[in-house]
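Thanks for coming, everyone. Let me put the structure up, and then I'll walk you through it piece by piece.

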Amino acid sequence: TGDVESSPWFAMEFAAPDRSRGWATIVRTGESATPLYIFRPRGVDVGKTYRVTFASTGSTIEIKGWELKRDGLPIPLETRIASELLLFEAI
């Protein structure tokens with residue numbers, strides 16, 4: 001919600017209709033009181049477990065859908081115009 005000047009963060013998520021996979025990108029577009037963005041995906045199934053890949057490092061984690069919805073993923077972006085691409089896949 002809002003526009004690009006209403007927040008120092010931009011997040012976009014796409015998910016398959018069956019919630020089996022998806023991706024999200026998070027961008028820090030301005031100055032923020034904290035370098036940490038908590039991303040809570042909407043396109044995951046709370047009954048599935050997901051492998052999440054962080055494109056910037058290539059690292060992966062496995063996490064339950066209900067944990068993603070409840071706690072989200074902390075995304076540290078230290079500088080303005082920093083970004084992260086996340087890939088989700090149900091396992």
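I'll begin with R70, which is partly exposed, at a relative accessible area of 49%; by that I mean the band between buried, under 20%, and exposed, over 50%, using a 1.4 Å probe and protein chains only. Its salt-bridge partner is D71, with 2.6 Å from N to O between the side chains. D71 is partly exposed too, at 38% relative accessibility. For a salt bridge, we ask for a side-chain nitrogen of Lys or Arg within 4 Å of a carboxyl oxygen of Asp or Glu.

Quick housekeeping. This is a predicted model, with local features needing pLDDT of at least 70 and side-chain atom pairs counting only at pLDDT 80 or more, while totals for chains, interfaces and linings use all residues. Residues are numbered from 1 along each chain as its sequence is written, and side-chain values use heavy atoms, with hydrogens and water left out.

E62 is exposed at 54%, whereas R51 is partly exposed at 31%.

On to the sheet. Strands here are DSSP E runs of at least two residues, numbered from the N terminus, and two of them pair if DSSP finds at least two bridges between them. Five strands make an open antiparallel sheet, ordered β1-β2-β7-β4-β5. At the edges you have β1 (9-15) and β5 (60-64), each with a single partner strand, so one side of each has no neighbour in the sheet. From one strand to the next, the twist averages 20°, taking axes as lines fitted to C-alpha atoms and angles from 0 to 180 degrees between N-to-C directions.

Now the pairings. β2 and β7 are antiparallel over seven bridges, and R21 is partnered with E89 in β7. β4 and β7 share five bridges, again antiparallel; there, V52 stands opposite F88. Five bridges also join β4 to β5, with Y50 partnered by I63.

What about the core? The largest nonpolar core has 16 residues, and the ones touching the most other members are I26, V52, L73, I75, L86 and F88. A core, for us, is a set of buried Ala, Val, Leu, Ile, Met, Phe, Trp, Tyr and Cys residues joined through side-chain atoms within 4.5 Å. β2, β4 (49-54), β6 (73-76) and β7 (83-90) each put in at least two residues, and β4 gives the most, with three. As background, nonpolar side chains in soluble globular proteins tend to be buried together.

Take I26 from that list. Leaving out residues up to four places away in sequence, its contacts (heavy atoms within 4.5 Å) include W9, F10, Y37, F39, I75 and L86.

Last stop, T25 in strand β2, which covers residues 21-28. Its side chain reaches the backbone oxygen of E84 at 3.4 Å. Beyond neighbours within four places in sequence, T25 is in contact with F10, A11, M12, E84 and L85.

That's my tour; over to you.

Conventions: Helices (H or I, at least four residues) and strands (E, at least two) are DSSP runs, numbered from the N terminus. A polar contact is a pair of N or O atoms within 3.5 Å; within protein, one must be able to donate a hydrogen and the other to accept it, and residues adjacent in sequence count only if both atoms are side-chain atoms.
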